[in-house]
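Here is a short report on one protein chain. Please keep the sequence and the model in view while reading.

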Amino acid sequence: MGTWEIVAILHNCTPLPGTWACRIKTDDQGLECQLKSQWCARCDLQQQWEYNLTYSPTSKMAAVCMLIATSAHEALKLFQWDVQGAFCTSDVDTEIYMQVPTGYPLPP
């Protein structure tokens, strides 16, 4: 896939620890059909000074109400988008180093 590769740890770098995020996918009848897992960075270890380095835009309720009212007044169609993963899958312009999951086979 070309998303990541295993490399030696640099001397001036502290790799991020990770955790497994697991979920059960179900079919239309609600029956378990697939188990999914993903190795994710532990974001709960973010330092306080790093909080301003992440930005996820949000809207105020007054702005949403004004948008809905204007749409209704002008008889416009209003569509909804689910952008839950938009921030998580954005491009990263820096190199990020993570620890390898326990038990993952390492190259010789």
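## Cys13 and the fold around it

At 18% relative accessibility, Cys13 counts as buried, because the cut-off for that class is under 20%. The model is a predicted one. Cys13 sits in the segment before S1. Its C-alpha atom is separated from that of Ile96 by 9.4 Å. Along the chain, Cys13 and Ile96 are 83 residues apart.

How much of the protein is buried? Buried residues make up 5% of the 108 residues.

**Overall layout**

The secondary structure comes to 1 helix and 2 strands. Read along the sequence, the pattern is β-β-α. Strand S1 covers 18-26. Strand S2 covers residues 32-41. Helix H1 covers residues 61-73.

**The hairpin**

S1 and S2 pair in the antiparallel sense. The pairing runs over 9 bridges. Two of the bridge partners can be named here. Thr19 has Cys40 as its bridge partner in S2. Trp20 has Trp39 as its bridge partner in S2.

The hairpin of S1 and S2 has 5 residues between the strands. Gly30 takes a positive phi in this hairpin, near 85 degrees.

Cys22 also belongs to strand S1. Its relative accessible area is 60%, so Cys22 is exposed. The C-alpha atoms of Cys22 and Leu35 are 7.5 Å apart in space. In sequence, Cys22 and Leu35 are 13 residues apart.

**The aromatic pair**

The structure holds 1 aromatic pair. The ring centres of Trp20 and Trp39 are 5.2 Å apart and the planes stand at 65 degrees, so the pair is edge-to-face. An angle over 60 degrees is what puts a pair in that class. The pair links distant parts of the chain, with Trp20 in strand S1 and Trp39 in strand S2. The two residues are 19 apart. Trp20 and Trp39 are thus a ring pair and also bridge partners.

How accessible are these two residues? Trp20 has 46% relative accessibility, so Trp20 counts as partly exposed. Trp39 has 25%, so Trp39 counts as partly exposed too.

**The helix and what follows**

Helix H1 has 13 residues. From its first C-alpha to its last, H1 reaches 18 Å. That is close to the 18 Å expected at 1.5 Å a residue.

Ala75 lies in the segment after H1.

**A nonpolar surface patch**

Which residues form the nonpolar patch on the surface? They are Trp4, Ile6, Val100, Tyr104 and Leu106. Together they have about 500 Å² of accessible area. Trp4 lies in the segment before strand S1. At 58% relative accessibility, Trp4 counts as exposed, because the cut-off is over 50%.

**Accessibility side by side**

The table collects the residues with a stated accessibility class.

| Residue | Relative accessibility | Class |
|---|---|---|
| Trp4 | 58% | exposed |
| Cys13 | 18% | buried |
| Trp20 | 46% | partly exposed |
| Cys22 | 60% | exposed |
| Trp39 | 25% | partly exposed |

**In brief**

The predicted model has a β-β-α pattern. Cys13 is buried, whereas Trp4 is exposed and belongs to the nonpolar patch on the surface.

Terms used. Residues are numbered from 1 along each chain as its sequence is written. This is a predicted model: local features need pLDDT of at least 70, side-chain atom pairs count only at pLDDT 80 or more; totals for chains, interfaces and linings use all residues. Side-chain values use heavy atoms; hydrogens and water are left out. Patches are made of residues with over 30% relative accessible area and no salt bridge: like charges are joined within 9 Å, nonpolar side chains (Val, Leu, Ile, Met, Phe, Trp, Tyr) within 5 Å. Accessible areas come from the Shrake-Rupley method with a 1.4 Å probe; for residues, only the protein chains shown count as cover. A salt bridge is a side-chain nitrogen of Lys or Arg within 4 Å of a carboxyl oxygen of Asp or Glu. Helices (H or I, at least four residues) and strands (E, at least two) are DSSP runs, numbered from the N terminus. Buried means under 20% relative accessible area, exposed over 50%, partly exposed in between (1.4 Å probe, protein chains only). Rings of Phe, Tyr and Trp (its six-membered ring) pair if their centres lie within 6.5 Å; planes under 30 degrees apart count as stacked, over 60 as edge-to-face and the rest as tilted. Two strands pair if DSSP finds at least two bridges between them. The expected span of a helix is 1.5 Å times one less than its number of residues.
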